[in-house]
Amino acid sequence: MLPDVSLDTGATEQWLYELWRGAGSNAVEARITAEHLVGANRAGHDSHGVSVVPAYVRSLVAGNLVLNQRITIVSDAVSLLVVDGNRGMGQSIAAQTMSLAIARAQAHGVAVVGLRNSHHIGRVGHWAEQATAAGMASIHFTNVVSRPLVAPHGGVQARLGTNPLTVGLPRRAGAPILLDFATSAIAVGKVRVAYYKKAPAPPNVLLDAHGAPTTDPAVMYEQPLGALLAAAGHKGYALGFVCDLLGAALFGGATAHPDNLISGGMYNNMIAIVFDPARFGALDHYEREADAFIDYVRSARQAQPGQPILMPGEAEEHYRAARARALPLDAGTVALLDEAVATINQIRGTNLPSASSLRTQTR
Ligand code: NAD
């Protein structure tokens, strides 16, 4: 297993900003992308942090990712909208989409926005946090249009993406409640991190090409390819399935059907249901009930003494506190980041520093 290294958090964000500026993003897009990617690492989701940069650079080179895109409005029925992301940088496209959804929800109480045809939007919880920071609640069903990764319950061949489900609930004081997970047994990025680290994947999440259980992460990256299992058996499969229809097809987005795949492309469609909870007129009640319910849930006897019961979103808060200054990253990912920045230097004639230069120490 390859060792982790430690990268300075602030320097990594600045490095990402310069990398995307060098690649051709305008200053706003580069800043949003850098903040989002470092934010995912800071939240503990290394699968959706800086480790996605090599894939994004490959997408850029292949013409699958188009920089500096604005969303275009496909249809506008005031609180029901469809927008197209024009294959733009998903971090910028999702931020624009959420700004629009939040503004409409503030004005009309609720906004249902279908985003289609965006490049990968990263950690979807980030977009729910954009809503909760504005005092809005949000629900997101997202599908992934790339090579299929997840076997349907009862099947042994990949047919679905890792289609995440996300809910953000604001709190007057303290961190929002945030549910945000892939409907696969684990996010494929976590298998990728294990693959780069040369570490085994957890048990009961992978099938090999013959449909047999395995912990070898290579089954997701080397021929013959295997598949991820759905989270929680038929339940995760069914949730993932509706993400393709509710989170894409209903408003003109592509499902992960082979006819819709673009070689090497990694796109997301997302339905965001954003609403102003104050409009129910029960915010004081909600806050009192939430406090009482959280206390009651936490009062359950702990399965492992010393390991507290967490609320959804709390794990990310703990990671943020621990990773404010330094991010652990596996050496395999750092090497791939070095290759990605070398590609940008080559195609854009820039002289950007390597990711290795951000290392503070070996852990
Ligand atoms: P995960 O399995 O780490 O689960 C995270 C969720 O579980 C969070 O809501 C977290 O607060 C909660 N949680 C964690 N530990 C908890 C505990 N002990 N008690 C209570 N709640 C707890 O997440 P994942 O499935 O690995 O997904 C990681 C990220 O990948 C998500 O941010 C998701 O949006 C993203 N993702 C994106 C795409 C895409 O195509 N853009 C696809 C799949 C996943």
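User: What makes a contact a salt bridge here?

Analyst: A salt bridge is a side-chain nitrogen of Lys or Arg within 4 Å of a carboxyl oxygen of Asp or Glu. The model is predicted: local features need pLDDT of at least 70, side-chain atom pairs count only at pLDDT 80 or more, and totals for chains, interfaces and linings use all residues. Residues are numbered from 1 along each chain as its sequence is written, and side-chain values use heavy atoms, with hydrogens and water left out.

User: How do you know that Arg-171 and Asp-291 form a salt bridge?

Analyst: Their N to O distance is 2.8 Å. The cut-off is 4 Å, so the pair qualifies. Arg-171 sits in the loop between strand S6 (164–169) and strand S7 (177–182), and Asp-291 in helix H8 (residues 283–298), 120 residues apart. Helices (H or I, at least four residues) and strands (E, at least two) are DSSP runs, numbered from the N terminus.

User: Why is Arg-171 called buried?

Analyst: Its relative accessible area is 14%. Buried means under 20%, exposed over 50%, partly exposed in between (1.4 Å probe, protein chains only). So Arg-171 counts as buried. Asp-291, at 40%, is therefore partly exposed.

User: Why is it said that Arg-104 and Asp-76 tie parts of the chain together?

Analyst: Their side chains meet in a salt bridge, 2.9 Å from N to O. Arg-104 lies in helix H4 and Asp-76 in strand S2 (residues 72–76), so the pair joins parts 28 residues apart in sequence. Arg-104 is buried at 18%, whereas Asp-76 is partly exposed at 42%.

User: Which residues are linked with Arg-320 in a network of salt bridges?

Analyst: Arg-123, Glu-129 and Glu-317 are linked with Arg-320. In the Arg-320 to Glu-129 bridge, the closest N and O atoms are 2.9 Å apart. Arg-320 lies in helix H9 (residues 314–322) and Glu-129 in helix H5 (residues 125–133), so this pair ties together parts 191 residues apart. Both residues are buried.

User: Why is Thr-97 called buried, and what does Thr-97 touch?

Analyst: Thr-97 has a relative accessible area of 0%, so it is buried under the 20% limit. Thr-97 is in helix H4 (residues 90–108). Not counting residues up to four places away in sequence, Thr-97 touches Ile-71, Val-83, Val-113 and Leu-115; contact means heavy atoms within 4.5 Å.

User: What makes S8 and S9 a pair?

Analyst: Two strands pair if DSSP finds at least two bridges between them. Strand S8 (residues 206–207) and S9 have two bridges, in the antiparallel sense. Therefore they count as paired. Leu-207 stands opposite Pro-213 in S9.
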